[in-house]
Amino acid sequence: MKKHAVFIFSEDQLGYKFSETHPFNQKRLILTIDLLREMDALPDDLIVPARTATDEELLLAHDQRYIDVVKKASRGEITPEAGEGYGIGTDDTPIFENMHEASARLVGGTLTAVDQVMEGKAEHALNLGGGLHHGFRGKASGFCIYNDSSVAIHYLKQKYGARVLYIDTDAHHGDGVQWCFYDDPDVCTVSIHETGRYLFPGTGNINERGSGQGYGTSFNFPIDAFTEDESFLEIYRTSMREIVEHFKPDVILSQNGADAHYLDPLTHLCSTMEIYREIPKIAHELAHEYCGGKWIAVGGGGYDIWRVVPRAWSLLWMEMNNYPSPSDKLPEAWLERWQKESPVALIETWEDPETMYKPIPRKAEITEKNQQMLDKALYMIRNN
C-alpha cells in the first residue's frame, strides 16, 4: 500500500558538521525528530534510511576535479589555501574530516526520497538533511559542499524523464540550483527570498529569467528586508499557482529553509510560524492538482535551531503526512528535555507570541514595494 509520506533519515547525516561554533548545525535534525516523536507523528515504519550518493551520481551536477579535491580535503591532504579556489577551507565552508562521505550521504538522502516517490512507494518524501542549494558544479558556497537538489533534478530527468518544478522558500536565493538549470526548458526554478541588496549570495533579481531554450523557466521574487507574513504569503500563493499552471510539471521538489523567520540570526525578514504552515499546505495542494501527488521536500537554511527550525520542519512533515496541524502547546516532555541545553528560552506554543517583535514602521512601504515586484513578475509570466 502506498504511503502518504516517508521520512528519510540516517544517523550519519549528522556527520555533516563544520565545527562546534558554525551556524550550520545538524542538531536541528535531532530536535525536530524528537519533537515529532513526542507528537506521535513519526512512527518507525515511515522512516527510510538515507543511502550514500555514488560518484557517478555526484557527477550529474559536479565536476570530477572538484569531487577529487573534496575527497582529498576529507583525508587532510589539502591545505585551506589550496582548497580556497574550490570554496572549501573558507570561513563559510571549512574543511572537516570525512566531508566527502558526509556530503554524499546528504545527497543520497534526497535521491532516496526521489526513488520513494517516483517508484510509487509514497506520494511524498522528506529529506530534511538536504536542501544545500548554494553548491556549484566546481565550487562549494554558503555552507554547501554538494548540491543535493541539483543532483536530484538531473537524476529525476535522467532516470524518470520528469519535468521538474523546483520551489525554494529559503531566505537566501537558491543560486546553485538556478544556474545549474538556467538554460533547461524542462526544469523550472522558483525562489522567494530576501533581496540580495542586503543578503548573501546577492543574486536572484527579478530579471533572471533563464537563457536560451530555458528562457522563461526561472522565476525570482526578491522581497524587501523586514517583510512580514501577509506580504510573503501573497507573493507565494499568487505566483505559485500561476507558475504551476504555466509550466505543468510532473513532480515538485521544494526546498524548505526555515531562515525567513524573525528570530533567525542570519537574515532580516519578519515572518512567523504562519508561513511555515502555509508554504507546505499550498505545495501539497499543487502537487495533488498537477503532479498526481508527487512531491519531494528537502530542508535548507535555518539557524535558530532551538526556537524555530524544529517547529517549522515539524509542521512541514505533518502537512505532508496528513496529520492534524497542531495549534496548542508543544509537548511538555520535549520542552523540559531541551530547555536544559538551550541557550535561549524555548517558545512553548506552535504559534509565535504576538509580542515577538515590535510593529515594523515601514510595513506599508515594504508591502507596496513587494506588490509592485509581484505585479511585474506576473506580467512576465503571462507575457512570456
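Figure 1. The UniProt annotation "domain: Histone deacetylase", from an unreviewed entry, covers residues 22–317; UniProt positions are given in the numbering used here, feature names are shortened, and annotations may be inferred rather than shown by experiment. This is a predicted model, in which local features need pLDDT of at least 70 and side-chain atom pairs count only at pLDDT 80 or more, while totals for chains, interfaces and linings use all residues. Residues are numbered from 1 along each chain as its sequence is written, and side-chain values use heavy atoms, with hydrogens and water left out. Over residues 22–317 the chain is 39% helix and 12% strand, where helices (H or I, at least four residues) and strands (E, at least two) are DSSP runs numbered from the N terminus. The end C-alpha atoms of this stretch are 26 Å apart.

**Figure 2. The largest nonpolar core around Phe221.** This core has 77 residues, and those with the most contacts inside it are Phe7, Leu165 and Phe221. A nonpolar core is a set of buried Ala, Val, Leu, Ile, Met, Phe, Trp, Tyr and Cys residues joined through side-chain atoms within 4.5 Å; buried means under 20% relative accessible area, exposed over 50%, and partly exposed in between (1.4 Å probe, protein chains only). Leaving aside neighbours within four places in sequence, Phe221 is in contact (heavy atoms within 4.5 Å) with residues including Val190, Ile192, His193, Ile235, Met373 and Leu374. A second, separate core of 53 residues includes Ile67, Ala102, Val107 and Ala125.

**Figure 3. Helix H3 and its cover.** In H3 (residues 64–74), the buried residues are Tyr66, Ile67, Val69, Val70, Ala73 and Ser74. They lie on the same side of H3, because they cover an arc of only 160° around the axis, the arc being that of the directions from the helix axis to the C-beta atoms. Helix H2 (55–58) and helix H5 (99–118) are among the elements that cover these buried residues.

Figure 4. Serine 327 is exposed, with a relative accessible area of 55%. Not counting residues up to four places away in sequence, serine 327 touches Arg277, Trp350 and Glu351. Lysine 358 is 31 residues from serine 327 in sequence and 23 Å away in space, C-alpha to C-alpha.
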